[in-house]
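Me: Pick the surroundings of the ligand and walk me through them closely. I'd like one connected account, with the cut-offs spelled out as you go.

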Amino acid sequence: MRNDFEARPVPPPVHGSVILLGPPGAGKGTQATRLSEVSGRIILSTGDLLRASVAADTELGRAAKGYMDAGELVPDGLILGLIEAHLSTLDTDQGILFDGFPRTIPQAEALTALCHIEMVLCIEVIDDAIVERIVGRRMDPQTGEIYHVIHKPPPVSIVGRLIQRRDDTEETVRTRLSTYHEQTAPLVDHFSSLGLLRCVDGGQNIDQVHVDLLAAMKEESR
Ligand code: AMP
C-alpha cells in the first residue's frame with residue numbers, strides 16, 4: 001500500500017529575517033556572505049543596492065550620491081522605497097539577511113511591518129579599529145574581493161587595478177561613525193528590548209567572528 005505521508009513532498013523551511021547590525025567596517029558584508037553560504041539566506045545590502053543605483057545613474061542613485069559621499073544617511077523615504085521594491089523581487093521563503101538595513105528607528109519600525117524579524121546579530125568593533133580597517137580597505141573590481149593594505153595584502157600582480165571606495169577616506173569614516181552612533185546605535189536598545197539582539201566581538205579574526213555568529217544564530221533557534 002502507498003504511504004501517503006512519505007510520498008508527500010517536504011515543504012521548504014520558512015525562515016524569518018536576520019539583521020546584521022554594527023558600525024561601518026565591522027565586517028557585516030564579509031560575514032553576510034559567509035552566513036548566506038551556510039544558511040541559504042539571501043543577502044539584501046542597501047549599501048550595495050545604492051552603489052549600483054549610483055553606478056547606473058538612476059534617479060535614486062543621483063538623489064543618494066551626495067549623502068553617501070558625505071558619509072551621511074540617505075533619507076528614510078528613499079531607502080524604504082528601495083527596500084519595498086527589492087523585497088518584492090525576492091523569494092523571501094529562503095529568509096533574508098539584511099546588511100546595513102535598518103539604520104534608523106523609523107526604518108526598523110517599517111521593516112517590522114514588512115516581515116518577521118527572527119534575530120538581530122550585532123558585530124561590535126571600537127571606533128579606532130574601524131578607522132584603521134576602512135582607510136586601508138581596497139576592492140578588486142574584477143572579483144569583488146576585499147583586501148587590506150596591511151592585514152590582507154593583495155597579490156602584487158593585481159595592486160594596480162584595486163580601487164578604494166569613494167567614502168573610505170578618514171574624514172568620511174569619522175562622519176559615518178558619528179552618524180552610526182547618533183542614528184543607528186539606538187537600534188541596539190530597540191532590538192534588545194524586543195529580545196532579538198545577540199552581540200559578538202567583531203574585533204576578532206574573520207573566522208572567529210563567523211563561528212561566534214553561527215553560535216548566536218543557533219542559540220536563537222533553540
Ligand atoms: P554601507 O555600504 O552599508 O556602509 O553603505 C554605504 C552608504 O550608503 C552609507 O554611508 C549611507 O550613506 C548609505 N546607506 C546604506 N544603507 C543605508 C540605510 N539603510 N539608510 C540610509 N543610508 C544608507
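Reply: The shell around the ligand splits into six nonpolar, four polar and six charged residues. Here Ala, Val, Leu, Ile, Met, Phe, Trp, Tyr, Cys and Pro count as nonpolar, Asp, Glu, Lys and Arg as charged, and the others, Gly among them, as polar. Bear in mind that this is a predicted model, where local features need pLDDT of at least 70 and side-chain atom pairs pLDDT 80 or more, while totals for chains, interfaces and linings use all residues. Numbering runs from 1 along each chain as its sequence is written, and side-chain values use heavy atoms, leaving out hydrogens and water.

Of the 16 residues around the ligand, the ones that come nearest are Thr46, Arg51, Glu72, Arg103 and Gln107; a residue is near if one of its heavy atoms lies within 4 Å. H3 gives the most to this shell, four residues. (Helices are DSSP runs of H or I with at least four residues, strands are runs of E with at least two, and both are numbered from the N terminus.)

Now the polar contacts, meaning pairs of N or O atoms within 3.5 Å. Thr46 has a polar side-chain atom 2.8 Å from a nitrogen of the ligand, and Arg51 has one 2.9 Å from a ligand oxygen. On its own the ligand would expose 480 Å², and the protein buries 96% of that, going by Shrake-Rupley areas with a 1.4 Å probe.

Thr46 turns up again in the packing of H3. The axes of H3 (residues 46-55) and H5 (residues 76-87) come within 11 Å and cross at roughly 95°; axes are fitted to C-alpha atoms over the stretch in contact, and angles run from 0 to 180 degrees between N-to-C directions. The two helices are therefore roughly perpendicular, the label for 65 to 115 degrees. Thr46, Leu49 and Leu50 of H3 meet Ile79, Leu82, Ile83 and His86 of H5, with contact meaning heavy atoms within 4.5 Å. That set comprises five nonpolar, two polar and no charged residues.

Most residues other than glycine have a negative phi, and most peptide bonds are trans. The Phe101 to Pro102 bond, however, is cis, with omega near 0°, and Pro102 sits in the loop between S3 (96-99) and H6 (105-114). Asp57, not a glycine, has a positive phi of about 55°; its place is the loop between H3 and H4 (59-70).

Key. Angles under 35 degrees count as roughly parallel, over 145 as roughly antiparallel, 65 to 115 as roughly perpendicular and the rest as oblique. A polar contact is a pair of N or O atoms within 3.5 Å; within protein, one must be able to donate a hydrogen and the other to accept it, and residues adjacent in sequence count only if both atoms are side-chain atoms.
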